[in-house]
Amino acid sequence: MSKQPDLIAILGDGISARCCTRLLERSGIRVSVDTRQRSGNPAVMLSEATLNLLNDCLGERLPTDQYHPITRRIVAWGDNDAVSIKHSGIALGAHQLNKLLPQPVSDIGADTAADFRVFAATPFPESSHQSFGKRIGSAAEVVLLCKEESNACWIESLDSGWIFLIPTAHGQGWLLGVGAELDTLLSRSRYLQRRVVVAKPARAIFETAPRMLNRLSGPNWLACGTQAIAFDPICGDGTGQAAREAILAAAVIQALADRDCAETSCDKILTHYHSLLLASMRRHLRLCAQFYTSGGCTPWWQQQVSDLIKGFEWCSAQLEKLPEPKYELHNFRLIPR
């Protein structure tokens, strides 16, 4: 790309799309937005660190007081008894995250004259992808029987998967099950079986294993968001990752706009974007492997660890083909090392 981007088209309406839009608007770059529909998660928990990151991206403090506070995380992992850990964050029910994040200022629709495109929703220019395992998840609304625990989230490992409880109001919440069917997991639970009652049947089945596009950038485009690179919910960092992708994407576009890019220079900047996200997936797979190694010793857990190790090795092999990073982030800007 030899021409500096003058108009950026952002396709999508998730966290990455909204944060990237706001960052570019704050930099004075013209943005057109195609707010494609997204299904969203039934519930999500945002830590204090993630909220601070979103505040930095958006340039304003989000109105979190109206959302349900989470003050404890209770972990029953492997053969260990449940342990309570202090936590600071909020929980949001279905579609509340979209309401929490401000709408784009420059929502002028998709523009065919755009010089550069940010794909935060399908279809992507690059459709082939890598999946690092297969872990089906489902979620259901639940009633909390121990209402005094309405400010505590739970995570519990079982012989064929794990379950995660997110209270979203006093006496109400969502239960996520990964591995076996949700009813089966709950029936084998040591702790949550006697703490919740499923209020409605489990919602749509979805994939929870990490996955990513084979290419996250190309001539005049880059991809971000959970449809482009998805993290396992076991780490609880999906929202933070989406925001970090937006920061990097906006910094890359700003770097392209700041200089008269020769083809080779622009290619290096876009390759830098792809390699950093590939490295973030490798770190994520390593962390996931630690969780799944300690979660259980049944064939189900062993298979997850095996898949994660293979994914880590694939990411390592891909990174070996790429040049060492030539840039670094500083105050939301990409600068040469």
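Author: In this predicted model, strand β1 (residues 7-11) pairs with strand β2 (residues 30-34) in the parallel sense, over five bridges, and within that pairing Ile 8 stands opposite Val 31 of β2. Between the two strands comes helix α1 (residues 15-26), and β1, α1 and β2 together make a β-α-β unit that is right-handed. β1 also pairs with strand β6 (residues 116-119), again in the parallel sense, here over four bridges, and the bridge partner of Ile 10 in β6 is Val 118.

The side chains of β1 divide between two directions, with Leu 7, Ala 9 and Leu 11 pointing one way and Ile 8 and Ile 10 the other way, and all of these residues are buried. Because five of the five residues of β1 are buried, the strand is largely enclosed by the rest of the structure.

As for the cysteines, the structure holds zero disulfides. The closest cysteine sulfur to that of Cys 288 belongs to Cys 235 and lies 3.8 Å away, which is too far for a bond, because a disulfide requires the two sulfur atoms to be within 2.5 Å. Cys 288 is itself buried, with a relative accessible area of 0%. Cys 297 is likewise in no disulfide, since the nearest cysteine sulfur, that of Cys 288, is 19 Å away; at 64% relative accessibility, Cys 297 counts as exposed.

Note on methods: Residues are numbered from 1 along each chain as its sequence is written. This is a predicted model: local features need pLDDT of at least 70, side-chain atom pairs count only at pLDDT 80 or more; totals for chains, interfaces and linings use all residues. Side-chain values use heavy atoms; hydrogens and water are left out. Buried means under 20% relative accessible area, exposed over 50%, partly exposed in between (1.4 Å probe, protein chains only). Two strands pair if DSSP finds at least two bridges between them. A crossover is right-handed if, with the strands pointing away from the viewer, the path from the first strand over the helix to the second runs clockwise.
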